[in-house]
Amino acid sequence: MQKILEMRHITKTFPGVKALDDVSLQVAAGEIHALVGENGAGKSTLMKVLSGVHADGSFEGEIHFDGHRTAFSGIGDSESLGIIIIHQELALVPLLSIAENLFLGNERARHGIVDWPETFRQTEALLAKVGLREPPATLVESLGVGKQQLVEIAKALSKDVRLLILDEPTAALSESDSQVLLDLLLELKGQGVTSIIISHKLNEVRRVADTITIIRDGATVSTLDTHRQPVSEELIVRDMVGRDLSQRYPERQRMAGDMLLEVSHWNVWHPEHKTRQIIRDISFHVRAGEVVGIAGLMGAGRTELAMSLFGHSYGQNISGSVSLRGELLDTSTVSAAIGGGLAYVTEDRKELGLILDESIHRNITLANLQGVSSSGVINQAEEARVAESYRKAMNIRTPSVAQRVVNLSGGNQQKVVLSKWLFTTPEVLILDEPTRGIDVGAKFEIYSIINELSAQGKGVIMISSEMPELLGMSDRIYVMNEGGFVGELSASEASQERIMSLIVNDRENG
Amino acid sequence: MSEIPTSSAGSAAGGMSQYLRNHMRDYGLLFALIAIMFFFQVVTDGTLLKPVNITNLFLQNSYIIIMALGMLIVIVGGNIDLSVGSVMGFIGALSAVMIVNLDVPVAATIPICLLAGGLIGAAQGYWIAYWKIPSFIVTLAGMLVFRGLSLWLLEGQSVGPFPKSFQLLSTGFVPDVFGVGRPNVTALAVGALAALAIVYMGLRKRQRNSAYGIVDEPLLVFIARNAVISGALVFVAYKLSTFRGLPNVLVTMGVLTVIYAFVTEHTTVGRRIYALGGNEKAAKLSGIRTERLTFLTFVNMGVLAALAGLIFAARLNTATPKAGFAVELDVIAAVFIGGASMSGGVGMIVGAVVGAFIMGVMNNGMSIMGIGIDYQQVIKGLVLLAAVIFDVYNKQKQR
């Protein structure tokens, strides 16, 4: 069959990280091609390379579209050839109508004056194509996510799409909405539209895809033709996760001590939508010296769980109890949670963890200013001493603790965040994606610090999307999906396959 | 990654120019003030630095500087207050009505007015902090409301004059405790003591920082900076002593500046305000009660605006409906010239005060030269723009 797209030997490096390593992808004209892989495997980066978000020249390798070599310098270039990406976060303007959204930046106009009758006529035609029965003047805001997704596809069709790329199109959709969307994809395929679908839902992938490409650690693992051979989910999962866990994690004496933290019947509702439950009746515990992992896909609610525990920083109508060493803990405000012995190292260190324009020492002492002050006056000598001691202990590579944090590398920034929380002398640390965007060497250092903390008898809760990391570090792993815990695995019984199948099974049953 | 050694191992000259380049903004501001003063001193044939004019400079600008202290804190916290001019006018009117029309004693009026200022700040801060309504909008509303309320309070008339005891707030001078009179030995002594204190504290800080290896300014720069500052202090004190001595407002202003500089640089509250403006979400997740802190910055601003209103009314010896009109813009300009960042988290008390002096000296100098108010506005606008462009340029270069 004729190839519409060929990506050859794509290698893309970010400072310190090789996101794509010699990836090749071939898409036949008129097929549905599924791209699967774990979070962080490089799917999104690959699509950004394809669409020109990462401009030509910022990566190695070649892209051929329709037999011609492409050199996109921006997303506009790829769109003009008919390559359209629909992102997980929809790019619609909520307060504009369907018609206005469809032709945004591509208005049906003469000399800058919009031709509304024409706009509405074309909108109706496009909506009919995607099977959406809504008046063109409806505000996008008033549509559900499923229908918004259809609007996005109609928008793509309005641009004479030749290759449609959908990033997790059904992640936020209900079962019936997903069916509608997948049927539409099959229908578009009948009309000659080629699509690439990125998805974690393997049953859906198996249903619609003609070809499945599996990416792992920035490299293509396998390409499966679903018409030539039967493809089982087990086969896909094995290829998605199968890799050897060599010495990437420092050795640790595993020892679980007394009961430290107990959370029972924790329920949280969405901060804006009162009726949407985000965390569903979660109970778990952490023993002293234990590293407990929480696994789950993006959107499972792991960060929301952590933030709601830490001073009710997320959600509303929170219920449930937290106790430390058998005593009930007040976690209703952040300062109470810190005072009670909790610390939360945020997922997004730049947005939530650090004050980038401030110096290292000011960041380190921020959560425990009482520790370096008396009656409200900061002892700056003491502050410098504290910062200096953490610089040494954590091996923060910087000429001086007066350096602004913005100038540090990701790994060193993360060590500053860790220092800040260690200075509050916590009993339990919640680490949310502690090694995101950090190079391999710094990761190992962070792991060593985690081990040291557990050796001191502290409890560590580690949230991570990198399963090998969870498996390599945790004593126990809770598997989370759609706001609830769907399984608990001990270190010996945990494997990537088991975690994935717990999640996949829950999705199919739920 | 380039590893820079902690100690000043590099060549002294290289280290120094490097240091100056990195701290262009801090020293540039001081240089700018000196250059502007020098310029006007020359073009006004020495009028600028005559004792009477120096005294006037302080009297004319004291209320701007006092409000700039509060405004700096508001802006560092990531907000802005457009209402301070109106609040200042309103409090001036309130004091006039109380003292002149209602015969309330001065000693009671002053605390009541300060309290009223605090309440006004609280009323505005409440919506900003707890309802997350943008400060621009809340204080824009406050600006209109209190402008209107002063008109209503004064019934469109000017109210005055004030009794002598109230005027002392602004036009009074500290009597010479040494009894010499002229030159005023008290003024000289205070000036000399302040200079000594600055040098002493600078030395102590330097010692401590070098003990912890925090990169410090080169010795030569340190000496030069301290020489300039303490020299200027003694010079001004000498000039003042040959006229009428230390104006009361200068003392108020000086004490407030020292207190606010200390609070912002050395206390936990100050540190938290910088954190709040630098990254509100991170501050909140570090256990800082960001709402309450934002609220308090506005209460503080209200009190300082009230104080400024009293001083202004005392100086004019009358409260007019026009008092404080458009003053908020001068105050905000002073803070931004002083190096504060619109996005919050950056700025220093000393910078704001120097910024206010730059504006003040330009106003004063241009008036002496007889430049029309039209050109004055244009020049002031351009200076503000230049200062901010300089900031942005410096920041980009550092990246």
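In the predicted model, Arg8(A) and Glu6(A) form a salt bridge, with the closest N and O atoms 3.3 Å apart. Arg8(A) is partly exposed, at a relative accessible area of 31%. Over all chains, the structure holds 25 salt bridges.

A salt bridge also links the side chains of Arg404(A) and Asp357(A), at 2.8 Å from N to O. Arg404(A) is located in the loop between helix 13 (380–394) and helix 14 (410–422) of chain A, and Asp357(A) in the loop between helix 11 (349–353) and helix 12 (360–365) of chain A, so the pair ties together parts that are 47 residues apart in sequence. Arg404(A) is partly exposed, with a relative accessible area of 24%, and Asp357(A) is partly exposed at 31%.

Within helix 13 of chain A, Glu382(A) and Arg385(A) are three residues apart, about one turn of the helix. The two residues form a salt bridge whose closest N and O atoms are 2.8 Å apart. Relative accessibility is 24% for Glu382(A) and 39% for Arg385(A). Salt bridges with shared partners join Glu6(A), Arg8(A), Glu62(A) and Arg69(A) into one network.

Strand 3 (residues 32–36) of chain A is mostly covered, five of its five residues being buried. Ile32(A), Ala34(A) and Val36(A) point one way from this strand, and His33(A) and Leu35(A) the other way. Strand 3 pairs in the parallel sense with strand 10 (residues 194–198) of chain A over four bridges, Ile32(A) standing opposite Ser195(A). Strand 3 also pairs in the parallel sense with strand 11 (residues 211–216) of chain A, over four bridges; here Ala34(A) stands opposite Ile212(A).

Conventions:
Residues are numbered from 1 along each chain as its sequence is written. Chains are lettered from A and ligands numbered from 1 in the order in which they are written. This is a predicted model: local features need pLDDT of at least 70, side-chain atom pairs count only at pLDDT 80 or more; totals for chains, interfaces and linings use all residues. Side-chain values use heavy atoms; hydrogens and water are left out. Buried means under 20% relative accessible area, exposed over 50%, partly exposed in between (1.4 Å probe, protein chains only). Helices (H or I, at least four residues) and strands (E, at least two) are DSSP runs, numbered from the N terminus. Two strands pair if DSSP finds at least two bridges between them. A salt bridge is a side-chain nitrogen of Lys or Arg within 4 Å of a carboxyl oxygen of Asp or Glu.
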